[in-house]
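Biologist: I'd like to learn how to read a predicted model, one feature at a time. Could you show it to me and walk me through it?

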Amino acid sequence: MGDTPDGTAPVHEPSLDEQIAVYQREFQDLDPQVEKVVSALSRLNRRMNVAYGRQTAALGISNAEWEVLKALVISGAPYRMGPSELAKQLGLTPAAMTHRIDRMTAEGLVTRERDESNRVRVIVELTDEGRSKWLDAMRAATVFEEDLLQDLSTAERGVLGDMLARLLERVEDLQSPS
């Protein structure tokens, strides 16, 4: 009982406060407030990725495929993009993007066709099946996300969203090419 699916005993992860206490013992210059925020965000991100992975797997798609579907939907109707645009947006190499598109084409989630106005260019387009999978994933994610935030008031959600958006903007500014 209590074993993981592979038969090993689960690994105890220290609480945030325990982790910070160890860090402070080993590195006295640590700001515990900063570390608590960063560690909480890191753990939350990891756990959310696991949850989303389970949801997409239940739908028969991977998180990687979900990211492509999402990019196509965000691009707007008619939900079309070039493979190089997709690769750049998702931070993939062209070869990795080609492999992903091959898989998704075989699964009926996207089509890949030559651009009629420029026969050299290839266009990836969302299929009805791909849009349906995206909608199913969004429905599942909405339930999970509402449950995740249930203890926060509407005002707290707004403040948290604004603060996280500011942090994201800061990281993106720091990481943008000069």
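Biologist: Which residue forms a salt bridge with Glu13?

Modeller: The general idea first: side chains of opposite charge can pair when their charged atoms come close. The rule here is a side-chain nitrogen of Lys or Arg within 4 Å of a carboxyl oxygen of Asp or Glu. Arg47 pairs with Glu13 that way, and their closest N and O atoms are 2.4 Å apart. Arg47 lies in helix α2 (residues 32-58), while Glu13 is in the segment before α1 (16-26), so the pair ties together parts 34 residues apart in sequence. Those helices, like the strands, are DSSP runs numbered from the N terminus (H or I for helices, at least four residues; E for strands, at least two). Arg47 is partly exposed too, at 46% relative accessibility.

Biologist: How many salt bridges does the structure hold?

Modeller: There are 13. Take Asp136 and Arg139, whose closest N and O atoms are 3.0 Å apart. Both sit in helix α6 (residues 128-148), and being three residues apart, they are separated by about one helical turn. An α-helix has 3.6 residues a turn, so residues three or four places apart point the same way. Arg157 and Glu146 form another salt bridge, with 3.3 Å between the closest N and O atoms. This one links distant parts of the chain: Arg157 belongs to helix α7 (residues 154-175), Glu146 to helix α6, and eleven residues separate them. Salt bridges with shared partners also join Glu13, Arg43, Arg46 and Arg47 into one network.

Biologist: Which residues of α6 are buried?

Modeller: Gly130, Lys133, Trp134, Ala137 and Ala141. Look down the axis of α6 and they fall within an arc of 95°, so they line one face of the helix. That arc is taken from the directions running from the helix axis to the C-beta atoms. Turned away from the buried side is a face with the exposed residues Asp128, Arg139 and Val143.

Biologist: What should the 21 residues of α6 span?

Modeller: The expected span of a helix is 1.5 Å times one less than its number of residues. For α6 that gives 30 Å, and its end C-alpha atoms are 30 Å apart, which agrees.

Biologist: Which residues form the nonpolar patch on the surface?

Modeller: A patch takes residues with over 30% relative accessible area and no salt bridge, joining like charges within 9 Å and nonpolar side chains (Val, Leu, Ile, Met, Phe, Trp, Tyr) within 5 Å. Here the members are Val34, Val37, Val38, Leu41, Val159, Leu160, Met163, Leu164 and Leu167, with about 700 Å² of accessible area together. Areas come from the Shrake-Rupley method with a 1.4 Å probe, and for residues only the protein chains shown count as cover. α2 and α7 each supply at least two of the residues, and α7 gives the most, with five. Leu164, in helix α7, is partly exposed at 35% relative accessible area.

Biologist: Where is the cis peptide bond?

Modeller: Most residues other than glycine have a negative phi, and most peptide bonds are trans. In this model a cis bond joins Ala77 and Pro78, with omega about 10°. Pro78 sits in the loop between α3 (63-75) and β1 (80-81). Tyr79 is in that loop between α3 and β1 as well, and its phi is near 60°, a positive value in a residue other than glycine.

Biologist: And Ile61, is it buried or exposed?

Modeller: Buried, with a relative accessible area of 4%. Ile61 is in the loop between α2 and α3, and its C-alpha atom is separated by 8.0 Å from that of Lys133, 72 residues away along the chain.

Terms used: Residues are numbered from 1 along each chain as its sequence is written. This is a predicted model: local features need pLDDT of at least 70, side-chain atom pairs count only at pLDDT 80 or more; totals for chains, interfaces and linings use all residues. Side-chain values use heavy atoms; hydrogens and water are left out. Buried means under 20% relative accessible area, exposed over 50%, partly exposed in between (1.4 Å probe, protein chains only).
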